[in-house]
Structure formats: C-alpha cells, structure tokens
Protein chains: 2
Amino acid sequence: MNEHLYELQPIGWVESPLVDRDSAPRQGEQGAPVAWLVFEEAMDEGLRDLEDGVEIIVLTWLDRAHRDVLRVHPGGDPANPETGVFSTRSPDRPNPIGLHRVRVLSRAGLRVRVNNLEALDGTPIVDVKPVIHLLER
Amino acid sequence: MNEHLYELQPIGWVESPLVDRDSAPRQGEQGAPVAWLVFEEAMDEGLRDLEDGVEIIVLTWLDRAHRDVLRVHPGGDPANPETGVFSTRSPDRPNPIGLHRVRVLSRAGLRVRVNNLEALDGTPIVDVKPVIHLLER
C-alpha cells in the first residue's frame with residue numbers, strides 16, 4: 001500500500017439505543033431507530049442552517065469495524081456468495097466510513113434528533129451533507 | 001474539540017483532466033468529466049464484483065480543501081447567503097470527504113473508468129459503495 005495517511009477528527013457522536021453489532025439491523029429499512037447526533041461545541045456555526053424535516057447524509061467512522069476485510073458475505077449471511085466489499089455496504093472495509101440517509105426530526109442546539117440511523121451508540125460522526133445532490137439525475 | 005483521531009489510508013487515486021479548483025465545475029451536473037479511478041494493487045480482491053454499468057458512490061479525501069471553514073457562500077457565489085457547511089456540499093469543511101455518484105463505464109483490472117466525476121486529478125480515493133441503499137425509500 002501507499003504511505004499517505006489523512007487524519008479524521010470526529011465532529012460529534014451518535015447517541016443510540018443500538019449498543020452492539022449483533023443487535024444492529026442488517027439493513028436500515030429493517031427498523032433502524034431514532035437516535036441523536038451530538039455535535040462538538042466547536043461545530044456550532046456549521047450546523048445552524050440544519051432545519052427540521054430536511055434529509056441529510058450523516059458520515060460516520062465505524063470504529064468497531066475490521067479494516068483488513070476485502071470480501072464478505074453480504075448481510076453477514078453465509079448463504080450469500082462472497083462479494084468484494086466495494087460492491088457491498090459491509091461495515092468491514094479498509095476505510096470504514098458509514099453513510100446514513102436520515103431525516104432531521106428536531107434540533108436543540110448541538111443535539112440533532114434523526115430517524116432511521118443504523119449506527120451504534122458512541123459512533124464518531126465525521127461529516128454531514130445535504131442528500132439532495134446525490135438524488136438529482 | 002476532542003482528542004480522537006482516525007487514520008484514513010487511500011485505496012487509490014483519481015486520474016482526471018480537472019487539475020485545479022478554478023477549472024472544476026461547481027455542480028456535478030454542469031459537465032463533470034469522465035475520469036479514471038486507479039486503485040492500489042492491494043485492493044484487487046475488494047473490487048472484483050464492480051461491474052460495468054453499475055452506479056456507485058465514490059468517497060474521496062478532498063486534499064486541497066480548507067478544514068477550518070464552517071460557513072460558506074454556496075457555489076462560491078458571494079450573492080448566496082452564508083450557510084453552515086453541513087447544509088452545503090462545499091469541499092471546505094472540517095473533514096473534507098467528497099461523495100461522488102458516478103457510473104462505471106468499464107474496468108481494466110485496477111483501473112475503473114467512470115462518468116461525471118467532480119474531483120481533481122490526484123485526489124485520494126478512500127472508499128467505494130453501491131448507491132442503491134441510499135436511493136431506496
């Protein structure tokens with residue numbers, strides 16, 4: 001591999017009833033819960049146009065993932081044929097960045113309540129973006 | 001801020017006719033070019049199910065971005081009111097991860113040709129995911 005490294009610094013943390021990988025849903029649509037995004041105070045200015053009801057992409061660092069994995073059985077099901085990780089949404093991958101499409105339910109300062117977040121409690125948040133440009137075609 | 005840091009290691013690099021930010025289109029739909037994703041050899045196993053025609057999300061590290069920016073004029077246009085970066089797709093943001101929705105045109109081993117990639121030549125690639133789960137609702 002190459003010798004380049006870049007440093008990610010969390011801008012906040014997930015607060016969620018999901019506490020371990022075994023209890024996490026395998027697909028967001030199978031009942032991922034309401035959760036809180038709790039941002040660092042230094043991020044305040046960047047958040048201030050985040051309005052109730054808007055759909056966003058939350059980028060997380062899946063800090064409990066295995067980074068040495070290149071092939072997986074999708075959904076963790078051995079019946080599914082082994083697939084290259086870049087064609088799957090496995091959390092185990094060389095740079096375990098999670099992409100979560102969620103809706104802002106409400107915001108109280110640095111605390112943002114969202115629906116449908118498939119991320120474990122304590123997961124670092126590394127970015128938030130509007131979803132819209134990924135959908136326009 | 002907190003003291004947590006995570007290390008991203010590029011899995012490959014963009015080869016593109018876009019060589020500086022001034023010549024880059026402001027929106028992907030305004031003519032982002034065909035480009036190559038050139039992966040590290042160590043990633044080979046992870047790539048092998050990436051088929052022609054499939055839509056993917058390419059995650060990049062926008063290594064020429066400014067990380068100390070929390071408010072921007074969207075599109076770089078001073079006529080647009082200043083907006084918190086987390087409600088924009090500005091490359092300038094605390095963790096400058098780029099999300100690019102592109103289509104695989106062809107693949108030759110570690111080299112993957114894609115359309116519509118708004119990323120500068122030499123930009124590090126940090127992950128690739130299927131687009132599909134972000135679209136299903």
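How many bridges join strand 3 of chain B to strand 8 of chain B, and in which sense do the two strands run? Four bridges join them, and strand 3 and strand 8 (residues 111-114) of chain B run antiparallel.

This is a predicted model, in which local features need pLDDT of at least 70 and side-chain atom pairs count only at pLDDT 80 or more, while totals for chains, interfaces and linings use all residues. Residues are numbered from 1 along each chain as its sequence is written, and chains are lettered from A and ligands numbered from 1 in the order in which they are written.

**View 1. Confidence of the prediction.** Chain A has an average pLDDT of 92, and 93% of the residues score at least 70. Here pLDDT is the predictor's confidence in each residue, on a scale from 0 to 100. For the complex, the predictor gives an ipTM of 0.92 and a pTM of 0.93. Where pLDDT is low, predicted coordinates should not be read in detail.

**View 2. The barrel of chain B.** Six strands of chain B close into a barrel in the order 2-3-8-7-4-9, with antiparallel pairing. On average, neighbouring strands of this sheet are turned by 45° against each other, direction ignored. The axes are lines fitted to C-alpha atoms, for helices over the stretch in contact, and angles run from 0 to 180 degrees between N-to-C directions. Strands are DSSP runs of E with at least two residues, helices are runs of H or I with at least four, and both are numbered from the N terminus. Two strands pair if DSSP finds at least two bridges between them.

**View 3. Strand 3 of chain B and its partners.** Strand 3 (residues 35-39) of chain B is mostly covered, with four of its five residues buried. A residue is buried if 20 or more other C-beta atoms lie within 10 Å of its own, exposed if 12 or fewer, and partly exposed in between, with C-beta atoms placed from the backbone. Strand 2 of chain B pairs with strand 3 of chain B in the antiparallel sense over four bridges, and E15(B) has W36(B) as its bridge partner in strand 3. Towards strand 8 of chain B, the bridge partner of L37(B) is V112(B).

**View 4. Strands 2 and 9 of chain B.** Strand 2 (residues 12-15) and strand 9 (residues 124-130) of chain B pair in the antiparallel sense over two bridges. In strand 9 of chain B, P124(B) stands opposite W13(B).

View 5. Strands 4 and 7 of chain A pair in the antiparallel sense over seven bridges. I56(A) has V102(A) as its bridge partner in strand 7 of chain A.

**View 6. Where the chains meet.** 47 residues of chain A are in contact with 47 residues of chain B, two residues being in contact if their C-beta atoms, placed from the backbone, lie within 7 Å. Strand 9 of chain A gives the most to the side of chain A that touches chain B, with six residues. Strand 1 of chain A and strand 1 (residues 6-8) of chain B run antiparallel and are joined by three bridges. E7(A) stands opposite E7(B).

**View 7. The rotation axis.** Chain A can be laid on chain B with an RMSD of 0.0 Å by a turn of 180° and a shift of 0.0 Å along the axis. The two copies are therefore related as by a two-fold rotation axis. Copies are superposed by least squares on the C-alpha atoms of residues with pLDDT of at least 70 in both. Of the residues of chain A, E7(A) comes closest to the rotation axis, at 2.5 Å (C-alpha).
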